[in-house]
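Please open the structure in a viewer and keep a selection tool at hand.

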Amino acid sequence: MQNIFLSHDVDWRRQGPPVEHVLERKDRFDAEMFANTKPEDLYRNIPKYMELEEKFGIRSTFFFRTLYENGNVEDYEDDIQTLQQGNWEIGLHTDPQSVNNIEKIRQEKEKLESLTKKTNYWEQSSLSKL
Ligand SMILES: [Zn+2]
């Protein structure tokens, strides 16, 4: 049996990256989709991934940051709760600045947990020892 782990990094604030960032990467998108989608919605794909994964009967892990440039993880509270209700796993995408600072990681973990309102999902990760 082969197991596959599927995960998504939620790297941008809920409003998406700056328009300049999107325009610089225009070639990455399907031309028709790019023409018919507002720039702030091009990176807004959590519901689409949920729909796809539901169709195939699979669940992945969404790694949320707690520090977003010009954004706030609280903006994702509804998405996080919807994901949890559907049995998706929520993980912490630590800030690169926190990698060598266990206290910063602990603070990020607690901030994300305040949105998930449960702590048991940490039990399977190395962060459970924090
Ligand atoms: Zn990332």
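Which residue in β5 is the bridge partner of Thr 61? It is Glu 89 in β5.

Residues are numbered from 1 along each chain, as its sequence is written. The model is predicted: local features need pLDDT of at least 70, side-chain atom pairs count only at pLDDT 80 or more, and totals for chains, interfaces and linings use all residues.

Select β1 (7–10), β2 (61–64) and β5 (89–92). These three strands form an open sheet in the order β1-β2-β5, with parallel pairing. The edge strands are β1 and β5, each of which pairs on one side only. From one strand to the next, the twist averages 25°, where axes are lines fitted to C-alpha atoms (for helices over the stretch in contact) and angles run from 0 to 180 degrees between N-to-C directions. Two strands are said to pair if DSSP finds at least two bridges between them. In general, strands of a sheet pair through backbone hydrogen bonds, either parallel or antiparallel.

Next, highlight Phe 62. Its bridge partner in β5 is Ile 90, while Phe 62 is itself the partner in β2 of His 8. Four bridges join β1 and β2 in the parallel sense, and four bridges join β2 to β5, also parallel.

Now show the side chains of β2. In a regular strand, side chains alternate between the two faces of the sheet. Phe 62 and Phe 64 form the covered face of β2, and Thr 61 and Phe 63 the uncovered one.

**Before the first strand**

Move to Leu 6, in the segment before β1. Is Leu 6 buried or exposed? Leu 6 counts as exposed because it has 10 C-beta neighbours inside 10 Å; a residue is buried if 20 or more other C-beta atoms lie within 10 Å of its own, exposed if 12 or fewer, and partly exposed in between, with C-beta atoms placed from the backbone. Draw a distance from Leu 6 to Thr 61: their C-alpha atoms are separated by 6.5 Å, although the two residues are 55 apart along the chain. Leaving aside neighbours within four places in sequence, Leu 6 is in contact (C-beta atoms, placed from the backbone, within 7 Å) with Ile 58 and Ser 60.

Select α4 (77–85). Asp 79, Ile 80 and Leu 83 are its buried residues. Seen down the axis of α4, these residues fall within an arc of 100°, so they line one face of the helix; the arc is that of the directions from the helix axis to the C-beta atoms. Asp 78 and Gln 85 are exposed on the other side of α4. What covers the buried residues includes α3 (46–56), β2, β5 and α5.

Asn 87 has a positive phi of about 70° although it is not a glycine. Asn 87 is exposed, with 7 other C-beta atoms within 10 Å.

Go to Asn 70, in the loop between β3 (67–68) and β4 (71–72). Asn 70 also has a positive phi, about 55°, without being a glycine. With 9 other C-beta atoms within 10 Å, Asn 70 is exposed.

**Helix α5**

Select α5, residues 102–116. Glu 108, Lys 109 and Leu 112 are buried in α5. They cover an arc of only 100° around the axis, which puts them on the same side of α5. Glu 103 and Ser 114 are exposed on the other side. Among what covers the buried residues of α5 are β2 and β5. Lys 117 follows α5 and has a positive phi, near 55°.

**The core**

Finally, select Val 10, Phe 62, Phe 64, Val 73, Tyr 76, Ile 80, Leu 83, Trp 88, Ile 90, Leu 92 and Leu 112. These eleven residues make up the largest nonpolar core, a core being a set of buried Ala, Val, Leu, Ile, Met, Phe, Trp, Tyr and Cys residues joined through C-beta atoms within 7 Å. The elements that give two or more residues to this core are β2, α4 and β5.

Definitions and conventions
The expected span of a helix is 1.5 Å times one less than its number of residues. Two residues are in contact if their C-beta atoms, placed from the backbone, lie within 7 Å.
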